[in-house]
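Dear colleague,

Please find below the structure that I am handing over to you. My findings follow it.

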Amino acid sequence: MKLKFGIASIVMLAILGFAFMPAQKKITVKGSDTMVILAQKWAEVYMKSHAETVVQVTGGGSGTGISALINGATDICNSSRPMKQTEMDKLKDRYASLGVEIPCAKDGITIFLHESNPVKELSLKQLSNIFSGKTRNWKEVGGPDEDIKLYGRENSSGTYVFFKDQVVKADYAANCQTLPGTAAVVNAVSKDKLGIGYGGAAYAAGVKHCAVKKDDKSPAFVANAETVKKGQYPITRYLYMYLKNRPTGEMKAYIDWILSPEGQSLVTAVGYFPVK
Amino acid sequence: MKKITRLLLTFGLIIPMLFVSTSSKAQKQVDELKKEQDTLKENVTTLRDKISGVEERIATAEGDLAKLTKIKLSGYIQAQYMHYEASNAYPSNVFMLRRVRIKFQYEPINGVVFVLQPDFLPGNITLKDAYVQLNDRWLKTFSLFAGKFNRPNYEVEYSSSSREVPERSRVIRAIYPDERATGAKLEIAPPKIPLKVQLALFNGNDGLTILDAAGVNINPLNNDFDNHKDFMGRVTYTFKLGQIGALGIGAHGYYGKIKANTLDVLNSDYTYNRTNDNIGQLVKKNWVGFEAQLYFDFLGGLALKGEYIFGVNGTPGYTSKSSAVSPMTSVIKNDTLTLTTLTTITTNSRPAIEKNFQGYYIYLIKNIGKRHQIAARYDYYDPNSKVSSDQIGIAKWDAAVKTTTTDKFTYAGTDAVIATNAQTKTVVVNTLKSGTSDIKYQTITLAYTYYFDDNIKIMLGYEIPLNKKVGVNDKGVGNVTTAYAVNGEPGVYDYSNTIKQNTLTLRLQVKF
């Protein structure tokens, strides 16, 4: 018995040794497509001043990023929605850790319309009805007597989940065309006079920004730094980075830099809003 | 001059002819172009129709695919090699399949989920989960389950595909056999509050082994056999400890009863408690448990998890009757020949008993890097906290054997010289003695897990169960022993010693 305990102890001590092995200076980042531009910008600027560090950024959607974090396929997961309890449980089961959540930017989910669309503002209720398929004609919301064409994100996207939970509050209409990335949504709406789409503020070029109001009696606001900061724009959210454990070494340095004034200035430059 | 005139005449004739020929050619070309245009129009129309057809087919295929996305398949296989150190184990090492499970999940509409999970173990296909789950679509807080599903308890609900050691702790295996139960459950989990409340009603007999006098399990199909339904409730709350980790705390309670199957009911210490009016009356199954899970970020994930459960766990008894007729006897007395038949009716009773029990477990889990995990668990289970170890084998309830004899004479007439006597003897044996089912165990489990990736892991586990030595006294009275035979070689387990029952498990798990 004593011998077996001895062997078991030695094996466990040997394994513990792995914990103190020096970490590599390559950092992998995966997740939210909404955050890809921002994450790439951070990586690009950081690597210029930290030549010894390689930051590799890929998209795929928040859900994909969180799965990759659970699988151990990425060091940092970018997510445009908070982690779900079920995902946290998986992380807990796999790594005995609840993960670390770092809000790193703010975003106002923008409603994109074609530039020729006469509709200027929509309430949250109207948006819910449009994206759930209850409202099918632009005439019902002050537009032309034409069918509404819906463009949205794939279900692995955090933006898809956030917009569904916070705005649609029901299943998306079956005719909502799903596209891989906010850039694709913007592109589709820019070519479709009857189109409407949603996505991160940073991508909204070549389309009209629709003002959004909480309800019929509230004033409508367009997403911009001021309205998001003041909480006036009704569809705002945090953008997060998730890690398995508290960051150490190079990872900590990178995250500290992202949250520093230099890192946060890039948030504004890309089109999002800083957390502080 | 003539030449010039001839030339002009020639040109005058040729040019109009050329015009005529050119204009007819042009007309022809126009006609051909029109034809081509018509053909092209036809082709475009045909292509449009074809595209519409393809679009329709794509739409249909997309519709079908959308339906398929409502079905989710997951599952896992655990194949393992086990080496038993127990002397009564034969074979002492085996390859085996521990789990072969596929979980089918179908969500036809948002908020309605059907779940079916069979276990495909060779020769023993069983249905593990089969339930309908209705999720509240508005507040996203309430979920109603109906069917067969896990009982609400931390270790029970923690899937064996995620567990850090090979088996659940002994106390959980004892009070929640087979993990699942049939009934209904309401879960309340507000989306933004880390609180979860579970309230459930079950039949209460799922997974229990209830023996009759012949030692046969009378509960093999787990069909309910009493009108009492068991209630379970569990509340958990998780506190976030900033970036350091989290602390989850919770409590659960079980309030149940089960048909006694016998009249007499004993206390946990084998003293007499009461006599029921009929065998359909009930014995108690009441307990509470307190749990905590601490997740701490120390050079990677570190978890400390534990639970303490105590209460009363009633075990049904049995009553069985048998009769035997002895050969006829004859006696001549006072000129009367008496022919006697003796019928002996024996009632074998094992009283029901309400045992006080307690048990707990503590896990220490450390993750090292992305792929390594080590875990240690200490668990303790005292199935009868009212009988001390030196009384096990001695404590018993033994109703004195009751024997009653009745005579029933029948005479053939007043001057009869022959009488028949139908004699009946009733014997009631009613006893229960403490023994192996009362022995305390402490079990140490050590495990190392290597994660190849998210789907594949390999676990090496070593379980060391240590029984509390019992029935030890100078006179050798009350020693608890179990006889066994391996390949015809008899052996005896003497529980006044620590029995060697260690088990080594090497498990490969594939999960998808």
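Just after helix α3 of chain A, Gly72(A) adopts a positive phi of about 85°. Please note that this is a predicted model.

Helix α3 of chain A covers residues 62-71, and nine of its 10 residues are buried, so the helix is largely enclosed by the rest of the structure. Among the buried residues are Ser62(A), Gly63(A), Ile66(A) and Leu69(A). The elements that cover them include β1, β2, β3, α4 (85-95), α6 (158-168) and β11 (236-243) of chain A.

**The sheet of chain A**

Five strands of chain A make up an open sheet with mixed pairing, in the order β2-β1-β3-β11-β4. At its edges lie β2 (54-60) and β4 (100-108) of chain A, each of which pairs on one side only. On average, neighbouring strands of this sheet are turned by 20° against each other, direction ignored. Helix α2 (residues 36-49) of chain A packs on the sheet and touches β1, β2, β3 and β4 of chain A. The direction of helix α2 makes about 175° with that of β2(A).

Within the sheet, strands β1 (residues 26-31) and β3 (residues 76-79) of chain A run parallel and are joined by three bridges. Here Val29(A) stands opposite Ile76(A) in β3(A).

**The contact between the chains**

Chain A contributes 20 residues to the contact and chain B contributes 24. Strands of chain B that each supply at least two residues to its side include β9 (245-259), β12 (282-297) and β21 (441-451). The side of chain B that touches chain A has 11 nonpolar, nine polar and four charged residues.

Yours sincerely

Definitions and conventions: Residues numbered from 1 in each chain as written. Chains lettered and ligands numbered in written order. Predicted model: local features only at pLDDT ≥ 70, side-chain atom pairs only at ≥ 80, totals over all residues. Pairing = 2+ DSSP bridges. Helix = DSSP H or I, 4+ residues; strand = E, 2+ residues; numbered from the N terminus. Axes fitted to C-alpha atoms, helices over the stretch in contact; angles between N-to-C directions. Contact = placed C-beta atoms within 7 Å. Nonpolar A, V, L, I, M, F, W, Y, C, P; charged D, E, K, R; others polar. Buried ≥ 20, exposed ≤ 12 C-beta atoms within 10 Å, placed from the backbone.
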